[in-house]
Amino acid sequence: MATARNFSGGREEDSYYADEVEEKTTTASRRKVGKTMSSSMELELESVEKIFEAKEVPPWQKQLTVRAFVVSFILGVLFTFIVMKLNLTTGIIPSLNVSAGLLGFFFVKTWTKLLQKSGMLKQPFTRQENTVIQTCVVATSGIAFSGGFGSYLFGMSDTVAKQSKEANSAQNIKEPSLGWMIGFLFVVSFLGLFSVVPLRKIMVVDFKLTYPSGTATAHLINSFHTPQGAKLAKKQVRALGKFLSFSFLWGFFQWFFTAGDGCGFVNYPTFGLQAYEHKFFFDFSTIYVGVGMICPYLVNISLLVGAIISWGLMWPLINNQKGNWYSADLPPSSLSGLQGYRIFIAIAMILGDGLYNFIKVFSRTIHGLYNQFYRKDPSITTVLPVAGGGSNSTSSTTTTLPPPLTYDEQRRTELFLKDQIPIWIAVGGYISIAIVSAILVPHIFHQLSWYHIVVIYIVAPVLAFCNAYGTGLTDWSLASTYGKLAIFTIGAWVGASHGGVLAGLAACGVIMNIVSTASDLMQDFKTGYMTLASPRSMFISQVIGTAMGCVIAPCVFWLFYKAFDDLGQPGSEYPAPYALVFRNMSVLGVEGFSALPKNCLMLCCIFFFAAMLINGLRDLVGPRWSKFIPLPMAMAIPFYLGGYFAIDMCVGSLILYVWGKVDKEKADAFGPAVASGLICGDGIWTLPSSILALVGVKPPICMKFLSRGVNTRVDAFLKKN
């Protein structure tokens, strides 16, 4: 389903997820999921709806069951912990659709079997109910990304502001609080849902947009509910459970050795102490090994290339200029020193990549719409550019005779148009929530005025449509790109003297939530179209899931915030890298380039245009050769964090690659399940570890790795005492 949610399309997706990387990672991984579901694809070719012809499609009211929302709540909490941990560590969020689909199927199937044995089963488990669960779970956990807990929202805090000398006055700081976070999410997270409801027929039926993530999810759900697919799903759930248990127990075992800073397996100097100092080591993180198994090889290699360029070459060379380019007396965390080069060059690459893809997707959107409305002849149909078609397939539009509707298309279209959502609900809901939001948001953020919010909400439906349409074409959600536009425009409008930094971050949150949920809902409509789930049940499930996420995500973040005193600090277990990145974007938007250290602007310009050039080259050479050219967005992440997690992810890629060479059929069938188990197990361990930290239970052992010389001095010191 659709990420910004980074779960959904490009997140997720849309991250992660928690930036465009998360979006691209999510997108590409969903395509990978689609490939692994080869059996369901074969069923699709044979006509899925004829297989299910004998099964009655329940009315939309019966698709919304109590058990579906109970399971959705449980899985929503689990996946929120996973997304939150990923948000606060690296910001890379893979697609968890396979996990949500498998676990949702497993829980309800177990539930119905128990009831059936006791003779109490009143309603069988259908693929429509499975789709409702999938929609609700992804909507719930997606708020952990679009809520900005690892980016714009946490970037408002004093913890992040202290890492920058600029614009850290009281009017540009807002400390996290459970009350205002929940209130803010409730008033901004639903507008996107109402903004695109009237366009569902145009997008899905008339334009026939692909929505690859929604399509892959539908194939997955359809396969679960066939006899062959159900058998495979049981085996996949068993594999997921085994590796979930292993990952959880491994996290528990590691905890015993982390009694102090720099302790534990996570600090094991795999390639030597000098490499460790430059962030090159394997940290035994099962969650990132799992993420690496889900993410495409190119993403993982791009991360490693970025780490080598930055921590292997650039930062040691710039560090040699200490005392020349920047003061040698500055602390390591100062943005006027080496840390500034790391942050701002990464930002430049992110902005360059984001601008290029914004122009590309937006131009494709305009091109596709032009051909739909101005060059359409009644006797012909326009073939829109679709995801995965390469640059050639999207650069031109051809006209062909419309193919006859298949039985599946006739059946799906008939039921999709049966349960209409009245347009007055969409328009009335949008206007009502917009009025409430324009009143309440300025009370939460005094730096914003009501007219700032009104202007955003006037522009938002256009942006939401563009993002939903672009996601349908390319599977890339540009939610965080639109959010960055809000950072610069609203921040500059408010001005530095009136809290423009905080205003820009808040405006980013408003836009990201609207644009993200709009593309998510359209992905859900596509999934529902292909599983015969009613649009009404999809919409209500998305609303309920979003409402649950508005409460669950802030509570989970609050647990992290209270449990870990060093949350958001560089070098800590949870550095929240994108919080500092987003805040410094807002500082740049308000104060200009005066905040940059010497020669940093020149380097930023070089990497900004290099990111655009690399993306252009990737599109120019086509899909055959572009798979050998790294992704600039992925390369940018290690510039700040280092290469340790990239090594973890490459290990995951290596495992999957070797497995595929040994037994490709099993790797395709069980690889996503194994990866999901590794991710979920480590994510579940986060809950008890947070509780242990809250109640003050400390690990009993500190395992550190010292050089021979340091160890000799430590031994000598201990002998004296």
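This is a predicted model: local features need pLDDT of at least 70, side-chain atom pairs count only at pLDDT 80 or more; totals for chains, interfaces and linings use all residues.
Start by selecting Phe284, which is partly exposed, with a relative accessible area of 24%. Phe284 sits in the loop between H14 and H15. Check its backbone too: phi of Phe284 is near 60 degrees, a positive value in a residue other than glycine.

Stay in this loop and pick Lys279, found between helix H14 (273-277) and helix H15 (286-294). Lys279 is not a glycine either, yet has a positive phi of about 70 degrees. Its relative accessible area is 26%, so Lys279 is partly exposed.

Next, go to the surface and select Lys113, Lys117, Lys231, Lys234, Lys235, Arg238, Lys242 and Lys666, which together form a patch of positive charge. Colour helix H6 (97-117) and helix H13 (227-255), the elements that give two or more residues to this patch. Which helix supplies the largest share of the positive patch? That is H13, with 5 residues. For a closer look, click on Lys235 in helix H13. With a relative accessible area of 48%, Lys235 is partly exposed.

Zoom in on Asp565, in the loop between helix H24 (535-563) and helix H25 (577-591). Is Asp565 buried or exposed? Asp565 counts as exposed, because its relative accessibility is 77%.

Conventions:
Residues are numbered from 1 along each chain as its sequence is written. Side-chain values use heavy atoms; hydrogens and water are left out. Helices (H or I, at least four residues) and strands (E, at least two) are DSSP runs, numbered from the N terminus. Buried means under 20% relative accessible area, exposed over 50%, partly exposed in between (1.4 Å probe, protein chains only). Patches are made of residues with over 30% relative accessible area and no salt bridge: like charges are joined within 9 Å, nonpolar side chains (Val, Leu, Ile, Met, Phe, Trp, Tyr) within 5 Å. Accessible areas come from the Shrake-Rupley method with a 1.4 Å probe; for residues, only the protein chains shown count as cover. A salt bridge is a side-chain nitrogen of Lys or Arg within 4 Å of a carboxyl oxygen of Asp or Glu. Lys and Arg count as positive and Asp and Glu as negative; His and the chain ends are not counted. The place of a charge is taken as NZ of Lys, CZ of Arg, CG of Asp or CD of Glu.
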